[in-house]
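The following note sets out numbered points on the structure shown below. Please read them with the model in view.

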Amino acid sequence: MKTTIIALACALAAPLAFAQTSTTTTQTTTEPVTTTQTTSTTYTAGTVTTYEPGRTVVVKGEQGPVSFALGTAARIVDGAGKVVTAPLRTGQKVRVYYTGPETERVVERVVVEDQD
């Protein structure tokens, strides 16, 4: 009887000893979204009505006066591309090249068309 009990105990324990456990791992990765934006440079031509060095320039063109914020990257050059060191004057003819929509215009350069 003792061997029967031992055999029965071994028979009950064997499936537990050889049982396999499974583990499921889930990994989530997020890829960055890449967007492409096309920007075009536009210009407004006219005469300077107001100029605050390093801050703003107001140019009166065919559409009326247009105000531009001058950032640190904005350059003021002549027609040949040389940097103009003299401040802009009221009445000077200029072309202001900028990118972006009307509410967020970023001035790239101001080309002075006439220098007296």
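1. Tyr43 is partly exposed, with a relative accessible area of 45%; the term covers values between buried, under 20%, and exposed, over 50%, taken with a 1.4 Å probe and protein chains only. Its aromatic partner is Tyr97, in a tilted pair with 5.1 Å centre to centre and 40° between the planes. Rings of Phe, Tyr and Trp (its six-membered ring) pair if their centres lie within 6.5 Å, and planes under 30 degrees apart count as stacked, over 60 as edge-to-face and the rest as tilted. Because Tyr43 lies in strand β1 and Tyr97 in strand β5, the pair ties together parts that are 54 residues apart in sequence. Tyr97, at 12% relative accessibility, counts as buried.

2. On the basis of the coordinates: this is a predicted model, in which local features need pLDDT of at least 70 and side-chain atom pairs count only at pLDDT 80 or more, while totals for chains, interfaces and linings use all residues. Residues are numbered from 1 along each chain as its sequence is written, and side-chain values use heavy atoms, with hydrogens and water left out.

3. Helices (H or I, at least four residues) and strands (E, at least two) are DSSP runs, numbered from the N terminus. Of the 116 residues, 23% count as buried.

4. Particular strand pairings may be checked residue by residue. β1 and β5 pair in the antiparallel sense over six bridges, and Thr42 has Tyr98 in β5 as its bridge partner. β5 and β6 are likewise antiparallel, over six bridges, with Val94 partnered by Val112 in β6. β1 and β2 run antiparallel and are joined by five bridges, and Glu52 stands opposite Thr56 in β2. The hairpin of β1 and β2 has three residues between the strands, and Gly54 takes a positive phi near 75° there.

5. The largest nonpolar core has 16 residues, and those with the most contacts inside it are Val57, Phe68, Leu88, Val94 and Val110. Such a core is a set of buried Ala, Val, Leu, Ile, Met, Phe, Trp, Tyr and Cys residues joined through side-chain atoms within 4.5 Å. Two or more residues come from each of β1 (42-52), β2 (56-61), β3 (64-69), β5 (93-99) and β6 (106-112). In soluble globular proteins, nonpolar side chains tend to be buried together.

6. Phe68 is buried, with a relative accessible area of 1%. Leaving out residues up to four places away in sequence, Phe68 touches Thr44, Arg55, Thr56, Val57, Val59, Val96, Tyr98, Arg105 and Val107; contact means heavy atoms within 4.5 Å. Tyr98, at 12% relative accessibility, also counts as buried. Phe68 and Tyr98 form a tilted aromatic pair, 5.4 Å centre to centre and 45° between the planes. This pair links distant parts of the chain, with Phe68 in strand β3 and Tyr98 in strand β5, 30 residues apart.

7. Beyond its neighbours within four places in sequence, Thr99 is in contact with Ser40, Thr41, Glu104, Arg105, Val106 and Glu108. Arg95 is also found in β5 but is partly exposed, with a relative accessible area of 23%. With the neighbours within four places left aside, the contacts of Arg95 include Tyr43, Val110 and Glu113. The C-alpha atoms of Arg95 and Glu113 are separated by 7.3 Å, although the two are 18 residues apart along the chain.

Notes
Two strands pair if DSSP finds at least two bridges between them.
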